[in-house]
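I opened my notebook to look up two things. How do some of the strands pair, and how do the domains meet?

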Amino acid sequence: MTETLGGILHVMALPFLACLILAGIHAYLGLHVIEREVIFVDLALAQIAALGSSLALIFGYGFDSPHAYWLSLGFTLLGAAIFSFTRFRRQIIPQEAMIGIVYAVSAALLILILSRSGEGDEQIRQSLVGNILLVSKGEVWKIFGIYSAVGLFHYFFREKFFLISRNPEEAFKNGLNVRLWDFMFYASFGFVVTSSVKIAGVLLVFSFLIVPSACAMLFSDKLRTRLMLGWMIGFLASVCGMAVSYYLDFPTGASVVCVFGLILAASGFIKAVLRK
Amino acid sequence: MFSKIRDLVFITAFPLVVIGSSLFADTAPLYAAEKLNVVTTTTLFKDLVKEIGGDKIEVKHVASPKFNIHFIQPKPTDVRNVANADLFVFTGLDLEAWVDPLLEAAGKPSLFRGGERNVDLSTGVRLLKVPTGALSRSMGDLHLFGNPHYIMSPENLKIAANTLLEKLKTVDPANASYYDEREKDFTSRLDKKIDEWKQLCAHCKGKEVISYHDDFEYAADFLEIKAEQFIEPKPGIPPTPKHLEFLEGYVKERGVRAIVIPTYYPKDAAEGLARRVGSKVVTICQNVGEMPGTDNIFSLFDYDFAQISGALK
């Protein structure tokens with residue numbers, strides 16, 4: 001049968017490309033997220049973006065309308081503002097707490113809004129679950145464009161971004177406008193995450209964000225090495241996840257997430273062996 | 001360390017290029033079969049295709065019968081099956097919201113909505129609850145074109161069988177008379193069954209049931225039962241306290257005897273209401289194979305109508 005190679009290429013090529021693009025940007029952003037200890041910030045931002053699109057329904061616009069898109073973007077920026085304005089030099093409420101609260105309240109508000117709008121429940125749920133298997137060519141190009149732009153932006157200002165993530169105290173001392181750069185970080189991050197969640201779902205996006213950096217941390221302190229390792233891990237998980245999903249006929253996103261889990265376990269094992 | 005990394009990058013980049021370039025190559029059908037390959041969304045349509053297509057077709061379905069048809073996550077096999085399909089059969093309207101991305105992923109334009117190998121079985125069906133006047137999106141989840149659960153009326157099954165027949169004849173004219181004959185046979189068996197079902201539920205005429213979702217409307221229309229109140233205040237929205245309170249009063253006042261609920265919805269709201277007002281909860285199936293003993297279209301409706309008939313006795 002010609003179906004083995006032809007079949008896997010036909011069915012899995014686009015999801016695989018989408019995974020690679022996701023791996024590229026999220027392995028990088030994950031470094032920041034782990035340094036900042038704001039692990040679940042992507043969930044909170046995705047949830048607040050979903051809240052934004054649900055508001056469009058209340059005003060009688062469709063879920064796919066530009067209004068819904070701009071509202072969700074606006075809400076993402078609002079989330080970014082909340083997270084940058086609740087970070088202080090001496091923190092009273094931990095950032096993780098703020099993230100959890102933003103997540104819970106926006107999820108609850110979404111339920112309230114949907115109960116009034118009476119529709120869109122399925123689309124909103126879909127926008128948080130995603131199905132990477134069914135990603136379209138247009139969507140792949142779209143995320144490629146958006147993530148390249150965000151990547152370039154971060155590349156130009158990499159020193160500022162890494163300084164506020166790794167050593168905020170020094171950034172404050174140097175007189176850097178930490179709040180502004182925090183906002184820039186969360187805004188660009190939110191922009192990326194909300195697009196990713198729509199096509200890949202919160203589980204997969206979370207894994208792409210956290211697992212590569214977490215594995216890489218085991219082996220190196222250097223950012224550059226961590227990033228390289230992170231990209232390789234993201235790539236490996238995508239390849240294996242696609243293969244598992246295709247040959248065992250499992251849902252694609254969940255397969256990749258489980259492969260990520262295995263990779264982290266294997267990394268821990270390798271680390272333990274290396275130590276001896 | 002870094003030279004090793006560079007090697008790895010090279011090794012890994014190779015399959016990437018191969019896969020990437022395949023994206024831009026036009027995808028031909030993976031293999032040709034002698035039988036007509038048909039993919040349906042539901043198991044009910046699969047059985048219908050078997051009835052009309054007989055041994056001239058090979059049929060596969062996407063949605064497992066035990067899941068809510070609104071929320072299906074297609075898997076790689078589904079994409080592959082659709083890519084290999086000669087016909088794609090589905091409910092149409094907005095019942096299967098996942099269909100368009102699935103068809104697009106399979107990448108065969110002739111199977112897309114409106115394509116010559118796409119079989120939209122809602123064609124020619126008289127729809128209930130079509131929004132009139134200015135289209136308001138606040139009227140209900142998913143149902144902008146009217147209630148899409150039309151297949152729950154056996155009368156509409158006849159229309160669907162005819163739509164399918166015409167499509168099969170166009171795509172495979174060599175077997176046209178074979179399909180014609182099978183459709184005639186199916187319809188005559190269905191007609192007999194329709195009489196039987198109507199008789200079985202004759203005593204239900206004019207009575208009322210509460211339905212969980214609006215998927216019972218067509219069956220109710222067929223049996224001339226009233227099913228105007230739903231446990232969901234709006235399709236897709238779980239019940240609120242006020243709405244349950246309203247239903248309780250409504251059921252008591254009218255003496256409604258049965259609450260109809262599909263197998264895959266949470267039963268607690270329906271059962272709670274039934275307990276408080278002393279009516280029965282009736283579970284109905286919409287897919288072939290959803291419950292034991294519902295392994296074809298006829299036994300599926302046998303099951304459902306027996307449930308209704310029993311509850312309203």
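**Strand pairing**

I began with strand β5 of chain B, residues 208–211, in this predicted model. I looked for a partner and noted strand β7 of chain B, residues 258–262. β5(B) and β7(B) run in the parallel sense, and three bridges join them. I picked out one residue: B:Ser211 has B:Val260 in β7(B) as its bridge partner.

Next I looked up β6(B), residues 226–230. β6(B) also pairs with β5(B), in the parallel sense and over three bridges. Here I found B:Glu208 opposite B:Lys226 of β6(B).

I then followed the chain from β5(B) to β6(B). The path goes through helix α7 of chain B, residues 217–223. I logged this β-α-β crossover as right-handed.

**Domains**

I moved on to the domains of chain B. Domain 1 covers 36–121, 133–174 and 181–195. Domain 2 covers 203–311. I noted that their C-alpha centres lie 25 Å apart.

How many residues does the contact take from each domain? I wrote down 24 from domain 1 of chain B and 23 from domain 2 of chain B.

Which gives the most? I found that α2(B) does, with five residues.

Last, I checked the residue types on this side of domain 1 of chain B. I recorded nine nonpolar, nine polar and six charged residues.

Technical notes: Residues numbered from 1 in each chain as written. Chains lettered and ligands numbered in written order. Predicted model: local features only at pLDDT ≥ 70, side-chain atom pairs only at ≥ 80, totals over all residues. Pairing = 2+ DSSP bridges. Helix = DSSP H or I, 4+ residues; strand = E, 2+ residues; numbered from the N terminus. Right-handed = clockwise from strand over helix to strand, strands pointing away. Domains from an automatic or database assignment. Contact = placed C-beta atoms within 7 Å. Nonpolar A, V, L, I, M, F, W, Y, C, P; charged D, E, K, R; others polar.
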